[in-house]
Each structure stands twice: as structure tokens, then as C-alpha cells.
Amino acid sequence: MTPGDADLGPEPPLQGPARTRIPPISGLVLLTDRREVVGRGPLVEVVAAAVAGGVRWVVLRELDLPRTERLALAAELRPILAEAGGILAVAGPDPLLDNAIATATAVREVAVPRAAVTARCIAGAHPLVALHLSAGGPYPPPDADMVGRSCHDEAELRRLSTEDYVTLSPVFPTRTKPGYGPPLLPEGLAELIRLSPVPAIALGGIETPAQVRACVEAGAAGVAVLGAIMRAPDPEQTAAALTNALEQATANH
């Protein structure tokens, strides 16, 4: 940096969307991967336990499944989240909302304590359309109630247009994707958060309360985990421990 650059002060955040359709994503976010829960019970049971432990945002991945199986899985998971006041996001541009499944799901959903969201989650209304897209596309994102994007560096952040949040990864070395990186570490995470125009969720290799606290101190609006809960002997207990660490760190930050 030259003396002239220093005189300009910090670089401003990138330009982001000027609208908020639902409450911003925050807290402990769970990404699913049924392959990590072999021998630990069905994926739906693991997610239900995590929700009982405090998770309120779940991103359904399972991209290798046929669409009909993902559709049925989404229909099972949406009521679990809705009853707890949470939201299910679907990885990819397909929201998995065929009319038959959407109608059946809407009837099972109940009102939750978020006035702006509840109106869409009661009987007779279709579920919220929440998508989580990869850094590879599509651009621009499809219209939805909430759209998130996976990002890993400044160049990908600069491609954002109408997204509501981003995940930044990998923060730490990850067992789910060994060799993926290099890891940002809390210092790199903080730098990308400073550039992000939307709330940022830390992702990758986060398994302990200490790592959760480090991400919050770096400025993360929330923390996303996969293996920490998918592989846990007691998903509810693990979710509760990580949620408590995140809430305490947020209160003290």
C-alpha cells in the first residue's frame, strides 16, 4: 500500500441488494449430508435432533439424489423447521416445491413467532422459497424469498447482486472436504466479511465452541456446520453446545 492509498481509508464494502424479504440468516446453520450419518439413524432424525438442540436454519444438500427423493426429503424436513420457527433452504436453483408436496407440507406447518414469516407458513399458504446457490451460478440468482451463495474469495463476493447472505469457506481445515482450501482462518474470514455486502456465515471445519467464538469475533453473523452434527453421537447435545457458544459470543461481541 502506498501513502496515497492509506489516505483513502478502508475500502468500502461491495454493493449489495437493497431489500430484505425475510429475517436475515443468523445463528447456527446446519448443512446436510446423509453420507456422514451412516449408522447414526436416518437423516431426518438427525436434523430433528439438531433442531431440538437449537438449530433454526437448515440447508438441504443431497445433490446426488434423484429429484423425486430430494423432493420427498424436503417435504419431511420443512414441517420440522416450521414447527420450531425455522427455515429450510435448498441447495441449488430448484426449490423442490412441486404442487402436491407443497400442499401437503403447508397443511402440516404451524404458525411460528415471526409475524412477517408466519403468514406464509400456515395452512393454505405455500412454504417459503429459500435457496442456497454455489459460487458457480446461476447468475443472476432466481427470484425467491431468500437466496444465499457460497463464496470463497473477493472475486466471488464481487459477483453478488441480489443475494441475501453468503457462506464464506473454508474457515478451518475440514474433514468433509480434505485438502479443500487453503483455509481462511479467522483473520482471512474477517477480511472477507469486511468486504461482504450481505451477512456472512462462517463455514468449514467448525466443530468446537472455541472455533465458533473465533468466527463470531471475526464478524460472522452465524456459523454453519456439517460434520460436527452429522457425525455426532448425540446431535441434539452437540447442536445445543454450539448454539450456546454462538449466543454467548454474539452477546459479548
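## Helix H8 and its surroundings

The buried residues of H8 pack against helix H7 (185-195), strand S7 (200-203), strand S8 (222-225) and H10, where contact means heavy atoms within 4.5 Å. Helices (H or I, at least four residues) and strands (E, at least two) are DSSP runs, numbered from the N terminus. H8 spans residues 209-217, and its buried members are Gln211, Val212, Ala214, Cys215 and Val216. Buried denotes under 20% relative accessible area, exposed over 50%, and partly exposed in between (1.4 Å probe, protein chains only). After H8 comes Gly219, with a positive phi near 110°.

## Basis of the model

This is a predicted model, in which local features need pLDDT of at least 70, side-chain atom pairs count only at pLDDT 80 or more, and totals for chains, interfaces and linings use all residues. Residues are numbered from 1 along each chain as its sequence is written, and side-chain values use heavy atoms, leaving out hydrogens and water.

## Salt bridges

The structure holds 10 salt bridges, each a side-chain nitrogen of Lys or Arg within 4 Å of a carboxyl oxygen of Asp or Glu. One of them joins Glu36 and Arg231 (2.9 Å, N to O). Glu36 lies in the loop between strand S1 (27-31) and helix H2 (43-52) and Arg231 in the loop between H9 and H10, so the pair ties together parts that are 195 residues apart in sequence. Both Glu36 and Arg231 are buried.

Another salt bridge links Arg158 with Glu154 (3.0 Å, N to O). Arg158 is partly exposed at 44% relative accessibility, and Glu154 is partly exposed at 32%.
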